[in-house]
Every structure is written in C-alpha cells, then in structure tokens.
Amino acid sequence: MKYHKLALTFAAFATLAIGQAEAKTRLTLANSLSADHPTSTALQQFADEVKERTDGEVTIQLYLNAVLGSEREVLEQLQNGAVDMTRVSAGNLENFDPIFKAFTLPYIFKGEDHFYRVMTGPVADEVYGATKNSGFVGLTFFDSGARSFYTAKKPINTPDDLSGQKIRVLNSNSSIRMVEMMGGSPTPMPYAEIYTALQMSVIDGAENNITALTIGRHGEVAKFYSQDEHLRIPDFLVISNAAVEKLTDEQNAIIKESALHATESFRTIWDKAVKDATTEAEEMGVTFVTPDQAPFRAKVMPLLDEYRDNPDFGGLLTQILETE
C-alpha cells in the first residue's frame, strides 16, 4: 500500500510537471536580416527581456537571414499561424493596408529627430492596428536609416546631376516617380543584383542607407555617397492575432513593453552602426558629400501634394507632415 501511494504521488508530480511544461509558450520571430545587423541585435534583446520578465514562461526563438522566407512570405505564414512575429518593412505592409504607402513617400520626415517624434506619437497607434483584420498587429518600429543616392562615377550634388543617370530603386510606384521627378532614370531590380549591375555599368547608381556600402559591399563599386536623405522607411515588429490570443494579458503587456525597450536601445545601436559604416566606407575609398536637400525636396513636393488627397492615407500623410 505504501509503495502504491508513493507511485501515485510520483504520477501526480509527473502530471503536474507535464502541465507546467505545456503552460510554457514558445513564439517564433522571423527576420530577413543577418545576425550582425543592428535590428537582429535589438530583437535578441527583446527576446531576452521577455524570457526574463515572464520567468521563462514565454520564450522567443529568432530565425534570421530569411531562413523562413522573404518578408512577404513570412507575413503570409503569420496569417496562417506558422510564424508568430516578424520584422518587416513598411513597404511590404502596404500590400495589407494602403495606409503604409505614406511611409514610402520622399521627405515626409524632416530628419531623424522628427522621425522619432512622429513614430512615438499618435501615428504609431493608428498604424499598429491597421492590419488587425489581416491577422496581425504592430508592436513597435525600428529606423531603417535614411536612404540616399550612391553612384559609381560622380557625386549627386543637385537634382541636375541625376540627369541621364540610371538609378536602381525599390520596385514601388512612389520610388519610381520620385527619381523621375528628380530627373533620373529609375531602374527597379532585386537588391542582390545591385553590386554586379554597378560593376558592369548596367546602372549608374542606387539609393539606400549607408550600411549598403559595407554590408552589401557596394562601396567597392560605388565611390560617391550623396547624403540627400530622401527616404526614411520604417520597419515594424508585428505579432499575429493568434499569438496575442494565446498569451495572458500580463504576458502581452510584457511583450509590448519589451518591444518598446528594444526600439529605445536600437537607436543607440543604429547610430553606432552608421558611424562605423561611414568609417569603413571611407576606408574603401567612398567619398561622402552632403548636398542641400532643398532642391531635391522641391522636385517632389507635387507628389506629396497629390497624395495628401488620397482617401486611404492622405490624412496620415498630412498628420506626419504637420507634426513639429
């Protein structure tokens, strides 16, 4: 009888242990960027904080280098529950709600400080919930850096310097129109093809943030970086509705707070990455120039005026432009 009771006790303990194990929640987080990218560093901090603050009840597994697919493919996995969270560009989110198109327009932000004021204000709450009917919502944002022109043979000091220049752009209508209005010849192509296209003079230049010169090694074939800072497209960390529903209110609050903390840390991480990339690019022989942004802004103002009347995102665009 004693042994029988002891066996029952062990069985009860085992059942309890299994129940506790099942209570733990493991979430997947996909990021198409490399492990050494500043965003990946911030996301790892986010995962570590969530694990610590939930006493290990919620763990987040990072999958980097697009091992789970492209940003668009991962968003589809998010909708069917195969992935719980992902870091994604606003440019890819416009496929799920047109409000995100506002972020792909040139010169909507006056600079980095203005960007952070806008993205930590009422605009954030509006866009975070915009995709709820698509199966996911926003948690926080990350700065993907100011995009500027970089060229192989001559710097871009004024819009006139873009005349006759074939510039690789994102495959979006607003990016194509932006370069056209500035006087260049927009050439959409995949990011992976830029290096060879510059090397073989298929294109004369491209536009991206400074880290493209180093991480992408584009500084080996493009020797001028003109800091006109025409675009600053944010990234967003999003979570599936299904993942939100399987967490407690307290756990969801911890995830939200930890995500915001990651954004705060990311700004410092990113600023250092930009400084390091600038130094490395200069060592690669890249010359940096800082043109007057006013002539570039003037060229694209008709585009912004046109989109202010857009019923899908004109209100958000006006709100961003009028934020001091």
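User: How do the residues lining the largest pocket divide into nonpolar, polar and charged?
Analyst: The lining of the largest pocket divides into 10 nonpolar, 21 polar and 8 charged residues, where Ala, Val, Leu, Ile, Met, Phe, Trp, Tyr, Cys and Pro count as nonpolar, Asp, Glu, Lys and Arg as charged, and the others, Gly among them, as polar. Please keep in mind that this is a predicted model, in which local features need pLDDT of at least 70 and side-chain atom pairs count only at pLDDT 80 or more, while totals for chains, interfaces and linings use all residues. Residues are numbered from 1 along each chain as its sequence is written, and side-chain values use heavy atoms, with hydrogens and water left out.

User: What volume does the largest pocket have, and which residues lie nearest its centre?
Analyst: The volume of the largest pocket is about 1200 Å³, and of the 39 residues lining this pocket, Glu71, Ser89, Asn92, Arg147 and Leu170 lie nearest the centre. On a 1 Å grid over the protein atoms alone, a pocket is an open set of points with protein on both sides within 12 Å along at least five of seven lines, a cavity is a set where a 1.4 Å probe fits but cannot get out, and lining residues have an atom within 4 Å of a point. Grid points are joined across faces, edges and corners, and a volume is the space filled by probe spheres set on the points.

User: Which element gives the largest share of that lining?
Analyst: Helix 7 does, with 3 residues, and strand 3, helix 4 (90-93), helix 7 (173-182) and helix 9 (211-214) each supply at least two. Helices (H or I, at least four residues) and strands (E, at least two) are DSSP runs numbered from the N terminus.

User: How many cavities of 30 Å³ or more are there?
Analyst: The count comes to 2. The largest cavity holds about 100 Å³ of space and is lined by 13 residues, with Phe109, Gly111, Glu229, Leu231 and Arg232 nearest its centre; strand 9 (residues 224-231) gives the largest share of that lining, 3 residues.

User: And what about the second largest cavity, which classes line it?
Analyst: The second largest cavity has about 30 Å³ of space, and its lining has 7 nonpolar, 2 polar and no charged residues. Among the residues lining the second largest cavity are Leu93, Phe100, Val137 and Phe236, and the elements that give two or more residues to this lining are helix 6 (122-128), strand 4 and strand 10.

User: Switching to the sheet, in what order do the strands run?
Analyst: The 5 strands form an open sheet with mixed pairing in the order 2-1-3-10-4, two strands being paired if DSSP finds at least two bridges between them. Strand 2 (58-63) and strand 4 (136-142) are at the edges with a single partner strand each, so one side of each has no neighbour in the sheet.

User: In which sense do strands 1 and 2 pair?
Analyst: Strand 1 (residues 25-30) pairs with strand 2 in the parallel sense over 6 bridges, and Leu29 stands opposite Leu62 in strand 2.
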